[in-house]
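Biologist: Please bring up the model. I would like to go through its packing and its backbone angles.

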Amino acid sequence: MDITAAALENCGLSPETAVQLQQRLQALPSQHENELWQTLVTDFLTPELPFAVHQLLYHSVYQSQLESGTPAPAWFPGERELSESNLAGWLNELNLHSMEDLHSWSVHDRDHFTQKLIDSLRIQFQEPPREIMNIEAGIEQVQWLTGARLNIVESCFRDKSDETAVCFQKESSDLQQLSYTELKQLTAQVANGLRAAGYEPGTRIAVMMPMTVESVAIFLGIIAAGCVVVTIADSFSAEEMQVRLKITEPELIFIQDVISRGSRQLPLYTKLGAEQRLPAIVLPEQETLQVPLREGDRPWSEFLSENRELTCEPRNPHDETTILFSSGTTGNPKGIPWDQTTPIKSAGDGFLHHDIQAGDVVCWPTNLGWMMGPWLVYATLINDATLALSDAVPTSRGFCEFVQNARVTMLGLVPSIVSAWRSQDSVAGLDWTQIKVFSSTGECSNPDDMLWLMSRAGYRPVIEYCGGTETGGGYITGTVLKPGVPGLFACPAVGFDWLLLDEAGHLTENGEVFFVPPVIGLSTRLINRDHHEVYFADIPPGPEGELLRRHGDQIEALPDGYFRAQGRIDDAMNLGGIKVSSVQIEELLTQAEGVREVAAIAVPPAGGGPSLLVIYVVMQPEANFEAESLQSGMQQIIRSQLNPLFKIQAVREIEQLPRTASNKVMRRKLRDLFQGSET
């Protein structure tokens with residue numbers, strides 16, 4: 001390789017080390033790019049080397065591919081992936097030879113694919129289904145597992161006992177473990193406590209808590225009792241919480257008293273307010289409650305039943321288990337119910353694409369209020385793995401140490417976390433070589449950040465993963481059977497068919513994603529919207545007459561079956577891994593003094609990475625535009641009334657918002673305008 005010692009020294013190596021490495025690189029035989037990179041990973045590139053060295057060599061090896069936009073792999077499947085992964089087992093059993101073959105089979109023979117997935121996951125039935133898929137009422141209203149009776153919580157426990165279900169760490173305490181038997185008993189105490197209190201199957205019960213052992217048991221216990229979990233993220237403001245409670249009308253809420261973040265103590269229970277009549281079960285963050293309780297509310301210790309025998313209420317496949325929320329193109333969030341079949345999709349993606357196996361330790365900093373919280377519970381427990389939980393701030397060194405000490409083997413995250421780790425060098429000196437697979441979702445990834453992440457564990461793949469609350473998992477993802485390219489998706493999800501169409505409805509290499517249902521786990525109803533209007537109305541059939549369902553993502557197809565995310569087509573945006581409506585932000589920010597109109601857009605930064613929130617404003621005629629003070633005031637509104645995690649990157653004035661003939665704001669033009677002003 002033609003790399004100078006000076007270039008290596010500029011990457012942070014000492015002069016002596018730079019010369020030694022340069023001489024070793026010069027001695028390498030001429031090889032194809034892929035073989036050369038694999039040699040470098042095996043013989044040269046250790047996590048201890050400055051990342052700048054990794055980056056220099058990667059860009060040197062793949063210079064022509066990177067310049068032309070051709071996928072440049074940084075990870076290649078090894079013997080373990082090719083022979084021992086769950087996907088490899090499926091290919092062998094089905095006598096198929098590639099991911100493309102497997103995907104084609106899965107979408108053309110949906111019955112057999114779904115049956116094989118159910119068998120592989122060992123889904124438990126109290127009464128087996130008479131048929132896997134019934135579309136007599138139409139594909140929009142597909143019925144899965146007709147005639148079955150089940151409770152998905154039974155599939156989370158099955159015959160496991162002493163195996164570790166959860167490992168967790170609070171603050172600076174030692175790492176603790178909970179066996180499957182112990183988690184099952186705590187789940188039973190919740191379910192039996194609900195029964196003793198008179199809550200019937202089908203009752204909606206809210207949960208607003210951080211991701212803890214107790215919240216996992218509460219989540220499972222509510223579903224085991226046949227009730228329905230209404231999940232609300234603990235980061236929401238009191239107003240946003242009230243919106244979700246009004247939509248769902250639960251009869252009880254489980255909520256923690258406070259949440260500690262470093263030296264700060266953030267209120268949670270008091271967000272309910274004295275006027276809110278919803279009764280609460282209140283859990284202490286520490287040993288004792290930090291707040292006085294309202295009349296009629298009960299502490300956690302008094303609620304728990306002494307009965308530790310778990311009995312799971314039999315339910316129909318399409319009975320609700322969970323209601324989650326997702327923002328679309330209007331202000332109020334969509335209430336999306338998950339039923340007893342949705343977890344099969346979640347656990348199936350964990351099994352097939354994240355290669356979660358018995359004994360793995362799975363960690364993903366998330367919350368039950370976002371789809372990845374329930375996804376994490378099902379993908380871990382149904383696949384006989386261990387769920388790893390920490391209350392450390394995900395971007396902190398402490399969390400990275402937890403990943404090491406808990407011996408996490410599958411680590412999920414959002415790209416902004418990786419960016420923070422890289423900027424702070426949070427992984428320096430840690431041993432992450434036990435990690436088998438990373439996964440990333442919620443935002444478009446920065447390829448250099450993902451290369452950095454791969455390099456910290458001795459080069460492991462990053463499974464880029466994209467779907468939505470209404471899909472129960474991903475429609476586009478990665479796989480351990482194809483080389484991993486930083487920031488790119490490697491394949492459609494097995495069992496999930498979709499097309500890329502241009503504005504004229506023709507197949508294209510860069511266009512809007514349209515799903516081709518049915519897919520198990522894909523929503524068939526909403527609790528506060530017309531499902532058909534949201535997903536199917538006014539969409540012509542596909543090129544071969546397929547019924548199509550809108551989703552709103554834009555995807556670019558690349559050579560060798562890879563894909564790049566291009567963001568959202570519609571007015572929804574992902575900020576810090578949280579999906580939110582532009583309209584929702586705009587309605588709040590019209591409160592700002594002197595503002596007549598507001599448009600909120602998400603702008604991908606140059607080089608990729610988490611989207612940036614940019615605000616365009618039309619000012620009142622008599623008002624002066626002062627960007628700094630206006631941004632500060634708007635940030636305070638978002639912090640107090642929506643979500644403190646949403647940060648405004650910039651506020652720009654515009655004389656008139658660009659609109660369509662039907663008066664819709666053309667946010668794509670605003671994105672182009674902002675990006676043009678930044679170049």
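Biologist: Which elements do the buried residues of α15 pack against?

Modeller: This is a predicted model, in which local features need pLDDT of at least 70, side-chain atom pairs count only at pLDDT 80 or more, and totals for chains, interfaces and linings use all residues. Residues are numbered from 1 along each chain as its sequence is written, and side-chain values use heavy atoms, with hydrogens and water left out. Helices (H or I, at least four residues) and strands (E, at least two) are DSSP runs numbered from the N terminus, and contact means heavy atoms within 4.5 Å. On that basis, the buried residues of α15 pack against α7, α9, β2, β13 (334-339), α16 (372-381) and β20 (473-477).

Biologist: How many residues of α15 are buried?

Modeller: Buried means under 20% relative accessible area, exposed means over 50%, and partly exposed lies in between, with a 1.4 Å probe and protein chains only. The buried residues of α15 include Lys345 and Asp349 as well as Ile344 and Phe351. The helix is mostly covered, and the count of buried residues is 11 of 11.

Biologist: α9 is on that list of partners. Which of the α9 residues are buried, and what do they pack against?

Modeller: In α9, the buried residues are Arg110, Phe113, Thr114, Lys116, Leu117, Ile118 and Leu121. An α-helix has 3.6 residues a turn, so residues three or four places apart point the same way. The partners of the buried α9 residues are α7 (86-94), α8, β1 (131-134), β2 (143-146) and α15 (342-352).

Biologist: What distance separates the end C-alpha atoms of α9?

Modeller: The expected span of a helix is 1.5 Å times one less than its number of residues. For the 12 residues of α9 this gives 16 Å, and the model agrees, because its end C-alpha atoms are separated by 16 Å.

Biologist: At what angle do α8 and α9 pack?

Modeller: Axes are lines fitted to C-alpha atoms, for helices over the stretch in contact, and angles run from 0 to 180 degrees between N-to-C directions. The axes of α8 (residues 99-108) and α9 (residues 110-121) are 5 Å apart, and the angle is about 110 degrees. Angles under 35 degrees count as roughly parallel, over 145 as roughly antiparallel, 65 to 115 as roughly perpendicular and the rest as oblique. That makes α8, relative to α9, roughly perpendicular.

Biologist: Which residues meet there, and how do they divide into nonpolar, polar and charged?

Modeller: From α8 come Trp105, Ser106, Val107 and His108, and from α9 come Arg110, His112, Phe113 and Lys116. Ala, Val, Leu, Ile, Met, Phe, Trp, Tyr, Cys and Pro count as nonpolar, Asp, Glu, Lys and Arg as charged, and the others, Gly among them, as polar. The contact of α8 with α9 divides into 3 nonpolar, 3 polar and 2 charged.

Biologist: What relative accessible area does Gly221 have, and which residues is Gly221 in contact with?

Modeller: Gly221 is found in helix α12, and Gly221 counts as buried because its relative accessible area is 0%. Its C-alpha atom is separated by 8.1 Å from that of Leu186, 35 residues apart along the chain. Leaving aside neighbours within four places in sequence, Gly221 is in contact with Thr187, Val190, Ala191 and Leu194.

Biologist: Is Asn95 buried or exposed?

Modeller: Asn95 is found in the loop between α7 and α8, and has a positive phi of about 55 degrees although it is not a glycine. At 58% relative accessibility, Asn95 counts as exposed.

Biologist: Which loop holds Pro518, at the cis peptide bond?

Modeller: Most residues other than glycine have a negative phi, and most peptide bonds are trans. The bond from Pro517 to Pro518 is cis, with omega near 10 degrees. Pro518 is in the loop between β23 (510-515) and α20 (531-535).
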